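Here are some notes for a colleague who is new to this structure. Please read them with the model open.

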Amino acid sequence: MKVLEPFVSIYSGHLLAGVDEVGRGPLAGDVVTAAVILDPNHPIEGLADSKKISEKKRERLFDEIKEKAHAYCIARASVAEIDQLNILQASLLAMKRAVEGLPVQPEHVLVDGNKIPRWHYPAEAVVSGDARVPCIAAASILAKVTRDREMVAAEATYPGYGFAKHKGYPTKVHLQALADQGVSAIHRRSYAPVLKHL
């Protein structure tokens, strides 16, 4: 496995926010984002790409990040916004909402990926940022735990799709459920596998 180099930002102050999104690939549910400004006086051990750590560890870190971070905000773009704008634009909008929702204004923002939302903040895009930058890793954990919990809750409202297991991703089970049950209110109608069952 290739080990990624840590990212060195042009900004060296403490009001550095990391922002990340979770949920671009699923066929259902909102795209969820988080922005985090870490507190150098309260370090958090074990921050990493949320996809690479266990659910149990993510849940523990979720609480620790909320407790120790200097500031954080969790935001989203809805299924309707995803269908209206497309998933990339909806993700950028959700990232903008997360950063603008921070209770402390960041002086600089590191954005996971290769695109920066339209805003007035000095910012840098960081490819694979969730594996290279602690504040982006923290944001990815907050976003993923939040979205996963919501998809588990969606199982009760929309039974039979298996949302609690696959979290809306296009697994074989999910695609079969779509064929059998049709489209639910939280499915993204602009996505091809959903569109064909409308």
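1. Start with two side chains: Trp119 is buried, and Tyr121 is buried as well. The model is a predicted one, and this should be kept in mind for every point below.

2. Trp119 and Tyr121 also form an aromatic pair. The arrangement is edge-to-face, with 5.3 Å from centre to centre and 90° between the planes. A search of the whole structure finds 2 aromatic pairs.

3. How are the rings of Tyr161 and Phe163 arranged? Their centres are 5.3 Å apart and their planes meet at 20°, so the pair counts as stacked, because planes under 30 degrees apart are classed that way. Tyr161 has a relative accessible area of 5% and is therefore buried, the cut-off being under 20%. Phe163 is at 0% relative accessibility, so this residue is buried too.

4. A charged side chain is also placed against a ring. Arg149 lies over the face of Phe62, and the distance from the ring centre is 4.4 Å.

5. UniProt, in an unreviewed entry, places the feature "domain: RNase H type-2" at residues 14–198. Within residues 14–198 of the model, 42% of the chain is helix and 16% is strand.

6. Which residues does the UniProt annotation "binding site" cover? The unreviewed entry lists Asp20, Glu21 and Asp112. They are spread over 93 residues of sequence, yet they cluster in space, with a largest C-alpha distance of 7.9 Å.

7. Asp20 deserves a separate entry. This residue is found in strand 1, which runs over residues 16–22. With a relative accessible area of 2%, Asp20 is buried, because buried means under 20%. The record includes Asp20 in its "binding site" annotation, and in the model the side chain belongs to a buried residue.

8. The largest pocket holds about 330 Å³ of space. It is lined by 18 residues, and those closest to its centre are Gly13, Leu16, Leu38, Pro134 and Cys135.

9. What is the make-up of the lining of the largest pocket, in terms of nonpolar, polar and charged residues? The lining divides into 12 nonpolar residues, 5 polar ones and 1 charged one.

Methods
Residues are numbered from 1 along each chain as its sequence is written. This is a predicted model: local features need pLDDT of at least 70, side-chain atom pairs count only at pLDDT 80 or more; totals for chains, interfaces and linings use all residues. Side-chain values use heavy atoms; hydrogens and water are left out. Rings of Phe, Tyr and Trp (its six-membered ring) pair if their centres lie within 6.5 Å; planes under 30 degrees apart count as stacked, over 60 as edge-to-face and the rest as tilted. Buried means under 20% relative accessible area, exposed over 50%, partly exposed in between (1.4 Å probe, protein chains only). A charge sits over a ring if NZ of Lys or CZ of Arg is within 6 Å of the ring centre and within 35 degrees of the ring normal. On a 1 Å grid over the protein atoms alone, a cavity is a set of points where a 1.4 Å probe fits but cannot get out, and a pocket is an open set with protein on both sides within 12 Å along at least five of seven lines; lining residues have an atom within 4 Å of a point. Grid points are joined across faces, edges and corners, and a volume is the space filled by probe spheres set on the points. Ala, Val, Leu, Ile, Met, Phe, Trp, Tyr, Cys and Pro count as nonpolar, Asp, Glu, Lys and Arg as charged, and the others, Gly among them, as polar. UniProt positions are given in the numbering used here, feature names are shortened, and annotations may be inferred rather than shown by experiment. Helices (H or I, at least four residues) and strands (E, at least two) are DSSP runs, numbered from the N terminus.
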